[in-house]
Amino acid sequence: MRPVLTRPRLATILLVFAAAAAAPITGLAEGGGLPPWQTVWRAAAEPALGAVVAPVDLALAPDGSLVVVDRELRRVQRFAADGRVLGAYRLPGRPFLTPLAVAVDPVRERVYVSDSERATVASFTLAGDFLTEWADFQQPEALAWGEGGRVHVYDRRRSGLLTRSPEGEQALDNIPVQVPQSFASELPNGLAVDAQGQIWFAAEAPVVTLPPILYVFDRQGDIAPPRTRLDFNPRDLAFDRAGRGFMLDGLGARLVTDFDRRSGSYLALPIQRGARALAAGSAGEVWLLDGPSSEHEGGISGLTVTGQRATEQVSWRFPSLAAGWYQQPTYLAAAGSDICLADGTHRLQWLDAAGGGLAQARRPFAAAVAGLPDGDCFVARARQSNSLDDAQDPDVAPVGTQRLTLERHRRRGAVAERVWTRDWTEPLTASPPSSLTALAVDAAGGRLVLLDASARRLRFFDLAGGEPRGERLLPPAVGFAPWNDVEVDGRGRIWVLDFVRPGLLVLDAEGALLRELPAPAGAFRLAVLPSGDPVVLTARRELVQLDAEGRETARTVLPAPAAGDSRPPGDLTVDGAGRLLVTDPADAAIHVFGPLRRPGGLWLPWLGGGADVDRVGAP
């Protein structure tokens, strides 16, 4: 039965037809050339409430609810103590840019949020109503509520603490805080006010070779003696209503309490995981904010600290993002009828042929992906230790090293499972250091081809189990790491893109050089069409097709980003249907080109976007 072409569907087809026809395409030959722009896939504007990708700060409200700042999703959410999401705090008509810290005034029931990129501090009612936004900052980060409803703000660019009344008026002069501007922690510094009205400021050391910082200031802004040398790394701090202070040790999963500034003694209590932030309530009530690891989402734990013992009372995880929602889509590869995608939320996802989500797995620091015709996905990851790491996460690189990982993943329905892992660590001082730049599958040879750009080599691994199968040095080239992409064509030839020269190397299956071809200026990603012709993606947002001699045969330009962001696109691949797919991190989009359909001599772009569409002349 032939489907009926309804009026709304006809309008959709005409719009897509017009968009494809308007794309600037040149040099198309009959039966060849680049396919026209077809459609664009975009995730919803915002994922469902509850999910948290990069939690960085936590505050406790007087009703026992918890406020969490998510730097990556740029939102601030409120949760009940049992994990139920209660709502979000939003600026009117504009988004947060880089929210970093939150503080709650329990008397006035106000919530304060710092946005370091917007250079503002916003205030809300506890229920979520926007009140005002203070804009006389340069880079506000840590926040704390103090006596009289005053709000203390650490402004990194001013190297000082600024204090404001509840109405936003300056209450104290700037208190200088000497924290190096090169300070590399990705978390807001610890800031809290004790029962005596003293302001405590703790700056976590970005690396173990630098000293951590702990300042205590009196009500007048003067340093309160004595000064104490620390032998732990204060990541965050808080005081409960009984006046007992608590600090997180950024070098290990420890909760520090009963700190004596005169002697430097303290009590260290082990906690289950390395936490990023903490909040305190009634006597001995402590809440810890965990970040995500390679295996699970972040979450919150509630502890009761009695004497020298901490007892966990409640623990829960933030819900996962829905598969198919992505932010800053970057690396992608065809995997049979599916698409493998790595994006800015540290996940490896499977998308269907219309861009809908199928499954996902948390894989932080992805550097490249590849796919097999059977639907399996490969991912290369490279990570170094930083201030966000959980020291107990086995996936974390030891200090002073980088951990390099290759993995094969398989989708079974909506569940992703890991088939094998091959990982190793090397010192950051290695010469040359390894960089996992691109992956390609040599299905006929049963190999995974890894491009190690800085070491100027190709490394080969077994598809079935990940065992190493040798390596091949690349020819000399200009620049530190000029090689940027690798592909294997249907004849088993290896293509390597040099984006500095720019040019293409064509190698045989053993890595021996067959020939060199020129490439357009700005070319930085590569795909090979079923015809054997290479297509390169340029920093000018162009797709350029070349022939066997490296001559340009067709060119098309990506649609301009909706937000007007001119950053280059991310990656491209050719799927099993012969379509070209291009990630566009600047536009949070995936562009789809072709293929052509010529039923009865009439061509129409295939219509995607996640819903079934009637096709004219479909058999």
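Reply: Two strands are said to pair when DSSP finds at least two bridges between them. Keep that in mind as we look at this predicted model.

Me: Thanks! How many bridges pair β8 and β9, and in what sense?

Reply: β8 and β9 pair over six bridges, in the antiparallel sense.

Me: Is β9 enclosed by the rest of the structure or open?

Reply: In general, side chains in a regular strand alternate between the two faces of the sheet. In this case, five of the six residues of β9 are buried, so β9 is largely enclosed by the rest of the structure.

Me: Let me step back. How many helices and strands does the protein chain have?

Reply: The chain has one helix and 50 strands. Of its 619 residues, 56% count as buried. If you take the contacts between residues at least 6 apart in sequence, 47% join residues at least 24 apart. The chain exposes about 25300 Å², with carbon and sulfur atoms supplying 52% of that area.

Me: Now the cores. Which residues touch the most other members of the largest nonpolar core?

Reply: The general idea is that nonpolar side chains in soluble globular proteins tend to be buried together. Here the largest core has 19 residues, and those touching the most other members are Val67, Val76, Tyr89, Val102, Val111, Val113 and Phe124. The elements giving two or more residues to this core are β3, β4, β7, β8 and β9. β7 provides the largest share, three residues. For a close look, click on Val111: beyond its neighbours within four places in sequence, its contacts include Val67, Tyr89, Val102 and Phe124. There is also a second, separate core of 17 residues, with Ala380, Leu406, Val441 and Leu450 among them.

Me: What about Arg78: buried or exposed?

Reply: The cut-off to remember is that buried means under 20% relative accessible area. Arg78 has 14%, so Arg78 counts as buried. You will find Arg78 in strand β5, with its side chain reaching the backbone oxygen of Leu126 at 3.4 Å. Among the residues Arg78 touches are Asp63, Tyr89, Leu126 and Ala127.

Me: How many salt bridges are there?

Reply: The count comes to 45. Arg75 is buried at 3% relative accessibility, whereas Glu46 is partly exposed at 33%.

Me: Which residue meets Asp115 in a salt bridge?

Reply: That is Arg118, at 3.9 Å from N to O. Arg118 is partly exposed, with 23% relative accessible area, while Asp115 is buried at 1%. Another salt bridge joins Glu417 and Arg412, with the closest N and O atoms 2.7 Å apart. Glu417 is partly exposed at 32%. Through shared partners, salt bridges also join Glu295, Arg363, Arg381, Arg383, Asp395, Glu407 and Arg418 into one network.

Me: Last topic, the backbone. Is the peptide bond from Arg501 to Pro502 cis or trans?

Reply: As background, most peptide bonds are trans, and most residues other than glycine have a negative phi. The bond from Arg501 to Pro502 is cis, with omega near -15°. Pro502 lies in the loop between β39 and β40. The bond from Gly594 to Pro595 is cis as well, with omega near 0°, and Pro595 lies in the loop between β48 and β49.

Me: What is the phi of Arg456?

Reply: Phi of Arg456 is near 55°, a positive value in a residue other than glycine. Arg456 lies in the loop between β35 and β36 and is partly exposed, at 22% relative accessibility. Ala588 also has a positive phi, near 50°. Look for Ala588 in the loop between β47 and β48, where Ala588 is partly exposed at 30%.

Technical notes
Residues are numbered from 1 along each chain as its sequence is written. This is a predicted model: local features need pLDDT of at least 70, side-chain atom pairs count only at pLDDT 80 or more; totals for chains, interfaces and linings use all residues. Side-chain values use heavy atoms; hydrogens and water are left out. Helices (H or I, at least four residues) and strands (E, at least two) are DSSP runs, numbered from the N terminus. Buried means under 20% relative accessible area, exposed over 50%, partly exposed in between (1.4 Å probe, protein chains only). Contact means heavy atoms within 4.5 Å. Accessible areas come from the Shrake-Rupley method with a 1.4 Å probe; for residues, only the protein chains shown count as cover. A polar contact is a pair of N or O atoms within 3.5 Å; within protein, one must be able to donate a hydrogen and the other to accept it, and residues adjacent in sequence count only if both atoms are side-chain atoms. A nonpolar core is a set of buried Ala, Val, Leu, Ile, Met, Phe, Trp, Tyr and Cys residues joined through side-chain atoms within 4.5 Å. A salt bridge is a side-chain nitrogen of Lys or Arg within 4 Å of a carboxyl oxygen of Asp or Glu.
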